[in-house]
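Let's walk through this one together, strand by strand and then helix by helix.

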Amino acid sequence: MGQPEAQYRQTSDLPARKAKSNFPDRKVIGDGDGREMAVSMPVDAEQAWKDLQRIRVPQERVYDEFERSVSGGRRMTYGTAALMWVFLAGVGMDLPQWGLGVFVTAYVGLLSLLIVMSSRRSRMQLHHTRCPGRMWAAFGAAGVLVGGTIVLADHLTEPLEPIYAGLIQATAAVAVYLLSLRPANRWAADSVRSSGEPAADEGAGR
Amino acid sequence: MSTPAGFDEVIHPATRLSVVALLAATEWADFAFVRDSLSLSDSALSKQLHTLEGAGYLEIQKEGGGRNRRTKVRLTDRGRTAFEGHVAALRAIVDSAGPATGAAQQQPRTEAGR
């Protein structure tokens, strides 16, 4: 970037290049992390390739953390499931308008609180460019599945008393939510990790 | 051999390259997460972060207080652009070497530039 050309030489693992280091007049600058910077020659292909490989490792750590955070939050999963159950069971009880308003407000407030608490605990947030369409599709499909269950349960429990119908709807919806959440999360995490593979294939095919 | 455009000498040292590569995959990351992921000491990471911050490549934000104090690190747009340029430059160097670096070409080329 408008700076002198430089060659970085990793002194520990490139003995062959050490042997070739016959630039007596170059200026060697230590950068404090095990390398020397010799201002005279550009970085060579071998070193450039090693650097490209080095980039993969920290990014894999990010994907590991993302996978852990989407699949490992038991408290969050059961917390949202319990809230959903209470909300759906309450809504199914033919509440008056004001009661419904209170229920919706309380549900949204508690859900927001859970989300804030979960995000405070997280150690990183995946960059938006790393979230492929498949990830959103997974969450969308899970939402459609739960919504569909509520509609279907509502239809099937029509002849029952509202209180029993509400309990059945809530239980069915929460069961579908819990059953679909883990595969959806796993699919989403896999898609984030594998979203870089086309580039890898392109490179391998050269 | 000339250095391709985009080659960034601030990012190039191994530790800083790893730090920037990790941050490039995130909106932000906790200091402790970066430290643990890269197996660095607090002081070593702090030193590299301040160098990158000085170049305008990242922002360091401290939140909370006492035991809840945490430090968030975020790559700036400038840092992200520099990283992408640097990765493109490294790829150009590898590509320019052609079949001579066949072993390198057989390996996955990573999602680094994404």
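B:E59 stands opposite B:R74 in β3(B). Six bridges join β2(B) to strand β3 (residues 70-75) of chain B, and the two run antiparallel. A quick word on what you're looking at: this is a predicted model, where local features need pLDDT of at least 70, side-chain atom pairs count only at pLDDT 80 or more, and totals for chains, interfaces and linings use all residues. Residues are numbered from 1 along each chain as its sequence is written, while chains are lettered from A and ligands numbered from 1 in the order in which they are written.

Now zoom out to the sheet. Four strands make up an open, antiparallel sheet, in the order β4(A)-β1(B)-β3(B)-β2(B). (Strands are DSSP runs of E, at least two residues, and helices are runs of H or I, at least four, numbered from the N terminus; two strands pair if DSSP finds at least two bridges between them.) At the edges sit β4 (124-126) of chain A and β2 (58-63) of chain B, each pairing on one side only. From one strand to the next, the twist averages 20 degrees.

Over in chain A, look at helices α3 (residues 74-91) and α4 (residues 97-121): their axes come within 10 Å and cross at roughly 175 degrees. (Axes are lines fitted to C-alpha atoms, for helices over the stretch in contact, with angles from 0 to 180 degrees between N-to-C directions.) α3(A) and α4(A) are therefore roughly antiparallel, the label for angles over 145 degrees.

Definitions and conventions
Angles under 35 degrees count as roughly parallel, over 145 as roughly antiparallel, 65 to 115 as roughly perpendicular and the rest as oblique.
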